[in-house]
Amino acid sequence: MSINLTKPLDDTVISNVEKHFLRGLQANILKGHGREHIALLFLEIADQAKALAFLHAYPVTDAFTQLEETKLFKETRAPGGVVRLVFFTKAGLDALGHGAPFAGFGAFASGMAADAGVLDGGSNGSWQAQLKQPAHVLLLIAYHDEATLARMVGKLVEDFAADDAPFKTLLVQEGRAYKNSDGEGIEHFGYVDGRSQPLMMKSDIEREANGGGGIGQHDPTAPLGQFILADPLGGDGFGSFLVFRKLEQDVAGFKAAERHLAATLSLAGDDRERAGAQIVGRFEDGTPLTLGNAEGGVPVRNDFNYGADANASRCPFQGHIRKTHPRGSSPGGLAFDNTVQMARRGITYGHRLQDPDTKELIDQPNDGVGLLFMSYQASIENQFHFMQTQWANNEGFPSAGVGIDPVIGQVGTLGQRWFPTFGSTASPQSEHVGGFVKLKGGDYFFAPSISGLRSL
Ligand code: HEM
């Protein structure tokens, strides 16, 4: 018996086969690690032999440990331990002498800086200097306690500053989660994020079906093979491609655009919230716009599709969540729309002022805050690259004249169509909304299996 990639993992019965599989897979792929603080260390290999020795001994967190800690957390509320993950760019694998098996993975092999279609203005001119330097290795370290994490990262950075160190540190990027008053993770524009995920473990699917709001209208079940592949480094383990994008958010600009759109549509009172909801496709509290015209979505719903909203009079076609997951309302159809989905594992970065009682984000910065977008997938071409270029950036998707995704679209000036009345396409207003998210850097990484890592 081996692991079947055409189905989700049945984690309700863990035999030796599943245990071996989970022990060989890095954590955070099958489900998010859930820690509130992370540090990303972008490294260049300075000494190949020392780098290999470091990587062979590095205590990478495996998926089995993560699942055990999740169980314990549910029973005792004890926070899990430190999560340590390792990723390589193609340049990094080349520097270690193991790049050859990856030559056929085009986007990964060339790197994000060469992937003009996913760059702002087609070049990496918008990137911060440290992220323009090609990294070889990325270490992700995550923990619930910020001070302890800072001490661990400080120690590594100090070690890597030595003359005979295995690596040179190019950048340390922190990430920190923010939550609303319902305890839901939010991004800097103030919206609940991370609610909709493809689910690849039976226990998660059962939870969604029974306690999570149902899977009758939208079934998030996804096969393992959408996220992992047999590790090209060899052995019997599995790896995954990780897309990383540092996306800076102009919060002040976005909030002004929401207000402007509300005025253009003559929305009044609480209905003004429908301007931002048309941009995102959900209200700030996560309520899907296609299901209703006001907030009030606790628990946040995900069991919906756009079948009753075929003319997009509730949730416009360009709304961020409809562009990036049409749930069967695209010309490709439901099965295709689902296969493009990635396991999104992003976290916000930067500091905000947050009201301690209401958890409202108070300040409205125009730089220094954003999303460390991270996603796992089996194919960068068919998933991230496709979603960004053929859907989000494509003014003609899902049909002519729709315009770009107003949150993450990178090209285009066409005014999108916005609706004054919920459920009616009468008197649409045309206004271009976009340009509030800037790409500050990114790359395509490979998360090796643990046996692959040890065999380097
Ligand atoms: C700063 C940048 C971004 C912001 C502020 C943002 C915000 C959001 C929010 C608020 C949601 C709704 C919560 C949820 O359903 O999980 C969402 C969902 C989603 N986002 Fe983003 N996002 C960003 C970047 C991206 C990027 C770069 C991609 C992919 C190229 C992406 C793809 C998706 C997908 C696939 C969903 C789920 C849609 C669904 O299943 O209904 N997002 N995003």
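The model is a predicted one, in which local features need pLDDT of at least 70 and side-chain atom pairs count only at pLDDT 80 or more, whereas totals for chains, interfaces and linings use all residues. Residues are numbered from 1 along each chain as its sequence is written, and side-chain values use heavy atoms, with hydrogens and water left out.

**Stop 1: the ligand**

Select the iron atom of the ligand and then His-320, whose NE2 atom is its only protein donor, at 2.1 Å. Donors are N, O and S atoms within 2.8 Å of the metal (3.2 Å for Na, K and Ca); water is not among the atoms, so sites may look incomplete. His-320 belongs to helix 11 (residues 320-324). Helices (H or I, at least four residues) and strands (E, at least two) are DSSP runs, numbered from the N terminus.

Next, display the shell of 27 residues around the ligand, of which the closest are Arg-195, Ser-196, His-320, His-325 and Arg-327.

- From a backbone N or O atom of Arg-195, the distance is 2.8 Å.
- From an N or O atom in the side chain of Arg-282, the distance is 3.2 Å.
- From an N or O atom in the side chain of His-325, the distance is 2.7 Å.

Strand 8 (238-249), helix 11, strand 11 (370-377) and helix 13 (381-392) each give two or more residues to the shell.

**Stop 2: helix 7**

Select residues 146-160, which form helix 7. Its buried residues are Leu-149, Val-153, Leu-156 and Phe-160. They cover an arc of only 55° around the axis, which puts them on the same side of helix 7. The arc is that of the directions from the helix axis to the C-beta atoms. Buried means under 20% relative accessible area, exposed over 50%, and partly exposed in between (1.4 Å probe, protein chains only).

Turned away from the buried side are the exposed residues Arg-151 and Glu-158. The buried residues of helix 7 pack against strand 1 (37-45), helix 2 (48-57), strand 3 (137-143) and strand 4 (167-176); contact here means heavy atoms within 4.5 Å.

**Stop 3: helix 2**

Move to helix 2, where Ala-51, Leu-52, Phe-54 and Leu-55 are buried. Their arc around the axis is only 160°, which puts them on the same side of helix 2. Ala-49 and Ala-57 are exposed on the other side. Among the elements covering the buried residues of helix 2 are strand 2, helix 7 and helix 14 (450-454).

**Stop 4: Thr-89**

Select Thr-89, in the loop between strand 2 (83-88) and helix 4 (90-95). Is Thr-89 buried or exposed? It counts as buried, at 3% relative accessibility. Its side chain reaches the backbone oxygen of Ala-135 at 2.7 Å. Leaving aside neighbours within four places in sequence, Thr-89 has contacts that include Phe-108, His-136 and Tyr-444.

**Stop 5: Arg-274**

Finally, select Arg-274 in helix 10 (residues 273-280). Arg-274 is buried, with a relative accessible area of 3%. A polar atom of the Arg-274 side chain lies 3.2 Å from the backbone oxygen of Phe-419. Not counting residues up to four places away in sequence, Arg-274 touches several residues, including Leu-267, Phe-283, Asn-293 and Pro-420.

Methods. The expected span of a helix is 1.5 Å times one less than its number of residues. A polar contact is a pair of N or O atoms within 3.5 Å; within protein, one must be able to donate a hydrogen and the other to accept it, and residues adjacent in sequence count only if both atoms are side-chain atoms. A residue is near a molecule or strand if one of its heavy atoms lies within 4 Å of it.
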